[in-house]
Amino acid sequence: MVERTTSLTDDLFVKLEARIRSGAMPPGSRFPTQKDICAAESVSRTVVREAVARLAAQGLTTSRQGSGVFVAETAAYRAFQVTRDELSELADVIKLLEMRLAVETEMAALAAARRTTADIGLIREALQEMADVSHDPAAAARADIAFHLAIARATQNDYYVRLIDFLGLRLVPPRSLYLEGQSDAAHAAYAALVRAEHDAILEAIVRMDPERARGAARRHMQESLSRHTELSETRRLREKAG
């Protein structure tokens, strides 16, 4: 019974959220009463209460003392999110890599045009840290993030910094996802390959060559995308054959 109630709540939440997002219930409009929703959707008051509470928690509705519940004025705006749970699936990692391909090529070009000596120092430090902790996937991922964040700072554009900082650990595909079940030698070879791609980006930024930096960043992202796309296809064929 609990599972059924939860499912009905999820379904109702999605339905009500869709009405708000689509504008069918525009910002500022009075929200239907729980009694009206119960009658219209043929669900219990408990289901309605939980779904409406979730809408409020998402900032989609607001209560006014003595007046009732209204669709929030900011309901039409939805913050961009990429959750860590999403990135446990290979297909979602590929989607994020496709987005990064567009962002990071231009980010590297701007960094090459605007970087300071201090920026170069931070990028080098991150690369060295990656080499020092290459045996530890979690630590290597943190150093990888520091590398990309240092490049973001070198653009002198706070929006790049905020985006890369927001993505955080979600920025770097889990090495375990690509190298699942493979040997230590395979992990070492992968780390060396990524290091070489990063070195090429750094060299272009050091030389203040935007076109070269753009190309090096694009190659890095395309290689990562190709590796994970190939893995996805291999898994698909294996599952089909099995």
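Let me begin with a network: K15, R19 and E41 are linked by salt bridges, a salt bridge being a side-chain nitrogen of Lys or Arg within 4 Å of a carboxyl oxygen of Asp or Glu. Please keep in mind that this is a predicted model, in which local features need pLDDT of at least 70 and side-chain atom pairs count only at pLDDT 80 or more, while totals for chains, interfaces and linings use all residues. Residues are numbered from 1 along each chain as its sequence is written, and side-chain values use heavy atoms, with hydrogens and water left out.

On confidence, the chain averages a pLDDT of 86, with 87% of the residues scoring at least 70, where pLDDT is the predictor's confidence in each residue, from 0 to 100. The lowest mean in the chain, 64, belongs to helix 8 (residues 175–178), and the highest, 95, to helix 5 (residues 117–132); helices here are DSSP runs of H or I with at least four residues, numbered from the N terminus. Where pLDDT is low, the predicted coordinates should not be read in detail.

Back to the salt bridges, of which a search of the whole structure finds twelve. One of them joins the side chains of E106 and R214, at 2.9 Å from N to O, and this pair links distant parts of the chain, with E106 in helix 4 and R214 in helix 10 (residues 210–241), 108 residues apart. E106 is partly exposed at a relative accessible area of 33%, and R214 is also partly exposed, at 21%; buried means under 20% relative accessible area, exposed over 50%, and partly exposed in between, with a 1.4 Å probe and protein chains only.

A second pair, E197 and R227, has its closest N and O atoms 3.2 Å apart, and links helix 9 to helix 10 across 30 residues. Here E197 counts as buried at 11% relative accessibility, and R227 is buried at 9%.

The contact, meaning heavy atoms within 4.5 Å, includes E106 and M107 of helix 4 and Y160 and L163 of helix 7.

Definitions and conventions: Helices (H or I, at least four residues) and strands (E, at least two) are DSSP runs, numbered from the N terminus.
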